[in-house]
Amino acid sequence: MNPHYDTIVVGAGHAGVECALAIARAGYSVLVLTMDTEAVARMSCNPAIGGLAKGHMVREIDAMGGEMGLAIDATGIQFRMLNRSRGPAVWAPRAQADKKQYSLYMTRKVSGERNIDLKQGQAVEIIVQNGKCKGIVTKNGETIRSEAVVLTTGTFLQGLIHIGEVNYEGGRRDEPPAVGLSESLRQNGLQSMRFKTGTPPRLDGESICWDILELQPGDNPPEPFSFRTEKLNVTQHPCYITYTNQKTHKIIRDNLHRSPLYAGRIVGTGPRYCPSIEDKVVKFADKERHQIYLEPEGVDTQEIYVNGMSTSLPKEIQEEFIHTIPGLEEAKIVRWGYAIEYDCFMPTQLKHSLETKKIENLFLAGQINCTSGYEEAAAQGLMAGLNVIRKLQGKAEFVLDRSEAYIGVLIDDLVTRGTNEPYRMFTSRAEFRLLLRQDNADERLMKYGHEFGLIEALFYEQMLKRHDDVRREIKTLKKTSYKNTTLEKYLKRPEIDYNYLISNKLHSSKLTDRDRQKVEIEVKYEGYIARQILEIKKFKKVEHKKIPEQIDYSLVRGISKEAQEKLAKIRPVSLGQASRIPGISACDLSVISVHVQRMLAEK
């Protein structure tokens, strides 16, 4: 008999892991099919989790019961809160990981989950019957049936690796590509794109002159990623900073003809916000130097990741320009940088649930949806998993809107606007970022994790109590008089912080440091927060104006031809989503609104 599962997850990267764990923990059987069972959640690029906006998403994943925050807390070797000098909306946690231990941690979680079968194999075809995905066919001819299929294939689809004039098939360094699945998807009506990403060389740490480099230590004390981690007990390892120079740039410019990117051998579009060193030298020719971070890849390895030095130049050129950088004059390269091209699929073909519009029960998550980054992948994996759960339960889809989470912004951007380059999350993409802070993700989203059964009642109740304590503390500050004012108004002054009140015995508190910080943010930004809450109410009104699924845009008189084509292709579910489609004017929206009202009146 052919095996049958509630869900098949193809791929065991950051998206696949979050997806599979969520579905399995909800009580459903899951097959995780991966080409290498020893590469679960492998950090194929930088050995870090979090960063600007990405750290916000990790906190959101954690609040809904995902594993990424717990994994980095267990395997991190340096923790920092970025952007402390700026407003709290853009503070962002980031941690260096022991990349080997991170993968082992996730392997234990996946293989130890009783509802998951982790198996080695390659999917080459999806089974579609009457418009519904019913399973997959593997490379060895095995048919595996399921109620839902989630594809989280990363950079493996038709992967092609480039180093200088040399190119060869591969999904990642020293790993084969996934062949066949792309064609199966195209045959079933999905449109693909070709994207490119890259990775820098890795160096032998013992060959680096550390003494002349700029030290970048971790925070003391380090702050956990997960709301479920009480305290970190970790020996932190430093990172270091160095810079390229004009000599470096000359070597790169002189050899651009040997770069597959500039020689035309790469056809895929690369990430604008994580450019190769070749791109930096060409596009920012006025810059005399570029900052380079040297990051340890783990505790038990001397391998160093050269962040900011992604390249696909020939090996001998990589070695030549690396040796021009201060501290790296004698550095030994242990792994060469390379570029990789791969197939991905236009995300406008997806619903907000990440289910494909053309094929029911088929979900896509991660880099297959034209994104970049572990965090973006994990967020999509979790959301796909939660929507598979809803599907299996016969319930409505689960969607976070743009006012609720960065994850909502990510998915709405992808399915509404699409992208012509690898998508990366930034704080600037979120309209309501003052309310979508990394410190309050639990208050915003833990209710959902609890509803899905992924957050234990104990943690949920602790969260509710903490936030009650914060609210009571703010009320106390408002009631406490001090020098013809109140402590709450006194705290609003730029030069005064919450710890000043405590250390000067103006106030006492039993709150944790994290909750004290939240009190201060809520007090100091009260006016801005109130204004943003009003903006969200306006946003919700438009989002709640739904567009009937059966609308025929060819019958809507008065909208432009461009609007008609884009609306018919994307099929927005609300006027709010329609307003975010590039090329849709205010006039188009007004006409659609009137047409929808007529449709509803005729029912």
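View 1. Leu 82 has Ala 92 of β5 as its bridge partner. Strands β4 and β5 (residues 92–97) run antiparallel and are joined by 6 bridges; strands are DSSP runs of E with at least two residues, helices are runs of H or I with at least four residues, and both are numbered from the N terminus. Two strands count as paired if DSSP finds at least two bridges between them. The model is predicted: local features require pLDDT of at least 70 and side-chain atom pairs pLDDT 80 or more, whereas totals for chains, interfaces and linings use all residues. Residues are numbered from 1 along each chain as its sequence is written, and side-chain values use heavy atoms, without hydrogens and water.

**View 2. The aromatic pair of Phe 398 and Tyr 448.** The structure holds 7 aromatic pairs, defined for rings of Phe, Tyr and Trp (its six-membered ring) with centres within 6.5 Å; planes under 30 degrees apart count as stacked, over 60 as edge-to-face and the rest as tilted. Phe 398 and Tyr 448 form an edge-to-face pair, at 5.1 Å centre to centre and 65° between the planes. Phe 398 lies in the loop between α9 (374–393) and α10 (406–417), and Tyr 448 in helix α11 (residues 441–451), so the pair ties together parts 50 residues apart in sequence. Phe 398 is buried at 4% relative accessibility, and Tyr 448 is buried at 15%; buried means under 20% relative accessible area, exposed over 50%, and partly exposed in between (1.4 Å probe, protein chains only). Phe 398, Tyr 448 and Phe 452 form one aromatic cluster.

**View 3. Arginine side chains over aromatic rings.** The charged end of Arg 59 sits over the ring of Phe 227, 5.6 Å from its centre. Arg 429 lies over the face of Tyr 423, at 4.2 Å from the ring centre. The criterion places NZ of Lys or CZ of Arg within 6 Å of the ring centre and within 35 degrees of the ring normal.
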